[in-house]
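Welcome! Let us walk through this structure together, one part after another.

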Amino acid sequence: MAGKPKLYYFDGRGKMESIRWLLAAAGVEFEEEFLETQEQYEKLLQGGSLMFQQVPMVEIDGMKMVQTRAILNYIAAKYNLYGKDLKERALIDMCVGGTDDLMGFILMFPFLSAEDKEKQRAVIVQKATSRYFPAYEKVLKDHGQDFLVGNNFSWADVHLLEAILMVEEKKSDVLSGFPQLQAFKARISSIPTIKKFLEPGSQRKPVPDDKYVETVRRVLRMYYDIKAN
């Protein structure tokens, strides 16, 4: 019997958080090794575990996987969260790609100065409410189904819920003009595996704080210009 997937990253969100979300949604238990020192990072590099000298890295099914999208693709396909055919997979990829674009405005937020954070907060809310949320609102309204693609729970739904909650952390009433997304949020949040992941004590990480930022900078030190992708 294969062991649990093991995740190598910092004790914080970053690019690994979507991987945690997807494993949790699939009901898969996983272990984590948190990078706290540069020596830990150097050991992974010297051991050949990081193909492109970057984390996240996930050990799963005898592989040491890097590149966030490759890891997510594999998990989604393995646990039947990637549609029933090529067309649905393409639609899921479109939705996930859009959500990724939105998340990109949030990913580096913790590393900004206080002044830049306020500017970026406005950008995040503006992009969410003028470009991304209207698109998903229209999808849900047009097909009248519970989920984004094929009326089956998929990676696209997991990713969108994660993004919604992240944007709500920047503006709590951001969904006020999006009734379809409000209902979607409630629906997906009530799925047992998701509900469990949203409860206190789960492996979901909190909003990144100064300690997380300091740890990332300390561990990556000379590699800091290489994004922890």
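Four strands make up an open sheet in the order 2-1-3-4, and their pairing is mixed. The edges are taken by strand 2 (31-34) and strand 4, each of which has a single partner strand, so one side of each is left without a neighbour in the sheet. On average, and with direction ignored, neighbouring strands of this sheet are turned by 20° against each other. Please keep in mind as you look around that this is a predicted model.

Now follow the pairs of strands. Strand 1 (residues 6-9) pairs with strand 2 in the parallel sense, over four bridges. Here you can find Tyr9 standing opposite Phe34 in strand 2. Helix 3 packs on this sheet and touches strand 3 and strand 4. The direction of helix 3 makes about 125° with that of strand 4.

Those two strands deserve a visit of their own. Strand 3 (residues 57-60) and strand 4 (residues 63-66) run antiparallel and are joined by four bridges. Val58 has Met65 in strand 4 as its bridge partner. Strand 3 and strand 4 form a hairpin with two residues between the strands, and in this hairpin Asp61 takes a positive phi near 50°.

Next, turn to the helices. Helix 1 (residues 16-25) packs with helix 3 (residues 68-78) at an angle of about 5°, and their axes are 10 Å apart. Angles under 35 degrees count as roughly parallel, and helix 1 and helix 3 are therefore roughly parallel to each other. Which residues of helix 1 and helix 3 meet? From helix 1 come Ser18, Ile19, Leu22 and Leu23, and they meet Thr68, Ile71, Leu72, Ile75 and Ala76 in helix 3. The residues of this contact divide into seven nonpolar, two polar and no charged.

Finally, a word on confidence. The protein chain has a mean pLDDT of 93, and 96% of its residues reach 70 or more. Over residues 225-229, however, pLDDT stays under 50. For these residues the model has 16 contacts beyond four places in sequence.

Note on methods:
Residues are numbered from 1 along each chain as its sequence is written. This is a predicted model: local features need pLDDT of at least 70, side-chain atom pairs count only at pLDDT 80 or more; totals for chains, interfaces and linings use all residues. Side-chain values use heavy atoms; hydrogens and water are left out. Two strands pair if DSSP finds at least two bridges between them. Axes are lines fitted to C-alpha atoms, for helices over the stretch in contact, and angles run from 0 to 180 degrees between N-to-C directions. Angles under 35 degrees count as roughly parallel, over 145 as roughly antiparallel, 65 to 115 as roughly perpendicular and the rest as oblique. Contact means heavy atoms within 4.5 Å. Ala, Val, Leu, Ile, Met, Phe, Trp, Tyr, Cys and Pro count as nonpolar, Asp, Glu, Lys and Arg as charged, and the others, Gly among them, as polar. pLDDT is the predictor's confidence in each residue, from 0 to 100.
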